[in-house]
Amino acid sequence: MAASRKVLVLVTHNPGDKPLNYSVLMPQVPGCLSCCNSLEEARTNSVDALGIYTEDSDEELMPAPDPALWLKENFPEERLIAHFEVEI
């Protein structure tokens with residue numbers, strides 16, 4: 001049985017016109033993201049997306065970055081709403 005790992009999840013908001021108001025980003029897992037309408041949905045979507053990722057990959061996770069700095073460097077137009085960890 002593999003050891004559990006924690007993944008940093010960032011929930012952001014872009015004030016532009018989007019049908020889904022929040023983005024769910026996981027900087028430790030490139031390409032793993034989701035969109036949603038609420039923070040509750042962000043947690044559910046992140047668990048679902050990470051579940052799909054872990055089914056297909058045994059790759060090591062990248063180190064968790066500083067949330068605000070990573071967001072500023074990669075998605076400067078987005079505003080950080082929340083961050084949390086999900087255990088996979």
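Trainee: Which residue in strand 4 is the bridge partner of Val7?
Mentor: That's Val86. Keep in mind that this is a predicted model.

Trainee: How many bridges join strand 1 to strand 4?
Mentor: Eight, with strand 1 covering residues 6-13 and the two strands running antiparallel.

Trainee: And what's the strand order in the sheet?
Mentor: The order is 3-2-1-4 in an open sheet of four strands, and the pairing is antiparallel. Strand 3 (33-36) and strand 4 (79-87) are the edge strands; each has a single partner strand, so one side of each has no neighbour in the sheet.

Trainee: Let's go to strand 3. Which residues are on its covered face, and which on the uncovered one?
Mentor: Ser34 and Cys36 sit on the covered face, while Leu33 and Cys35 make up the uncovered one. Ser34 also turns up as the bridge partner of Val24.

Trainee: How many bridges join strand 2 to strand 3?
Mentor: Four, and those strands run antiparallel; strand 2 is residues 22-25.

Trainee: New topic: where is Arg43?
Mentor: In helix 1, which spans residues 39-56.

Trainee: Is Arg43 buried, partly exposed or exposed?
Mentor: Partly exposed, because its relative accessibility is 40%, and the cut-offs for that class are 20% and 50%.

Terms used: Residues are numbered from 1 along each chain as its sequence is written. This is a predicted model: local features need pLDDT of at least 70, side-chain atom pairs count only at pLDDT 80 or more; totals for chains, interfaces and linings use all residues. Side-chain values use heavy atoms; hydrogens and water are left out. Two strands pair if DSSP finds at least two bridges between them. Buried means under 20% relative accessible area, exposed over 50%, partly exposed in between (1.4 Å probe, protein chains only).
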